[in-house]
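Biologist: I would like to learn how to read a structure, one feature at a time. Where do we begin?

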Amino acid sequence: MKTGKRFIAKLKKRDKNNLNDLIKNGESLSIRNRAHAIILSAQGKSITELADILHVHSQTISAWLDRWENGGIAGIADKPRCGAPPKLTDSEKRSL
């Protein structure tokens, strides 16, 4: 189990701006939380601290950091899931 003293390397300005935009405007809470975790990790917060801040398991934080390291912004996007199709159109979601 990867926990404790693992951090994201210093972020490029473009990546930091993109992550901050996702924190403010991300389409789901999950994406906003992942972006926030990456920013805080780059600021020196440990996996344990991030788990406490975001109220998720430390293994979840570790998986988010792996996704960032392996795929950048695209890596922290929500993956497609099975289930019923959305009831709202994209324009209806934006208006809400």
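Modeller: Start with a caution: this is a predicted model. Now take the largest pocket. By class, its lining has no nonpolar, one polar and five charged residues.

Biologist: Let me step back to the whole chain. How many helices and strands does the chain have?

Modeller: There are five helices and zero strands. Read from the N terminus, the order is α-α-α-α-α. The C-alpha trace spans about 40 × 30 × 25 Å along its principal axes.

Biologist: What share of the residues count as buried?

Modeller: Of the 96 residues in the chain, 34% count as buried. Look at contacts too. Take those between residues at least 6 apart in sequence: 59% of them join residues at least 24 apart.

Biologist: What should I look for in the interior?

Modeller: In soluble globular proteins, nonpolar side chains tend to be buried together. In this model, the largest nonpolar core has 19 residues. Leu11, Leu19, Ile38, Ile61 and Trp68 touch the most other members. H2 supplies the largest share, six residues.

Biologist: Then let us read H2. How does its reach compare with the span expected at 1.5 Å a residue?

Modeller: H2 has 14 residues and reaches 20 Å from first C-alpha to last. That is close to the expected 20 Å.

Biologist: How do I think about the sides of a helix?

Modeller: An α-helix has 3.6 residues a turn, so residues three or four places apart point the same way. Now list the buried residues of H2. They are Ile31, Asn33, Arg34, Ala35, Ala37, Ile38, Ile39, Leu40 and Ser41. The buried residues of H2 pack against H1, H3 and H4.

Biologist: Pick Ser41 from that list. Why does Ser41 count as buried?

Modeller: The cut-off is under 20% relative accessible area. Ser41 counts as buried because its relative accessibility is 1%. Leaving out residues up to four places away in sequence, Ser41 touches Arg6, Phe7, Ile8, Leu50 and Leu65.

Biologist: Which residues does Trp68 contact, neighbours within four places in sequence aside?

Modeller: Trp68 is in contact with Ile8, Leu11, Asp15, Leu19, Ile38, Ile73 and Ile76. Follow Asp15 from that list. Asp15 sits in helix H1 (residues 13–25). It counts as buried, because its relative accessibility is 16%.

Biologist: What does a phi angle tell me?

Modeller: Most residues other than glycine have a negative phi, and most peptide bonds are trans. His55 is not a glycine, yet its phi is positive, about 60 degrees. Just after H2, Gly44 also takes a positive phi, of about 105 degrees.

Biologist: Where is His55 found, and is His55 buried or exposed?

Modeller: His55 is in the loop between H3 and H4. At 70% relative accessibility, His55 counts as exposed.

Notes
Residues numbered from 1 in each chain as written. Predicted model: local features only at pLDDT ≥ 70, side-chain atom pairs only at ≥ 80, totals over all residues. Heavy atoms only, no water. Helix = DSSP H or I, 4+ residues; strand = E, 2+ residues; numbered from the N terminus. Buried < 20%, exposed > 50% of the residue type's maximum accessible area, 1.4 Å probe, protein only. Core = buried A, V, L, I, M, F, W, Y, C linked by side-chain atoms within 4.5 Å. Contact = heavy atoms within 4.5 Å. Nonpolar A, V, L, I, M, F, W, Y, C, P; charged D, E, K, R; others polar. Expected span 1.5 Å × (residues − 1).
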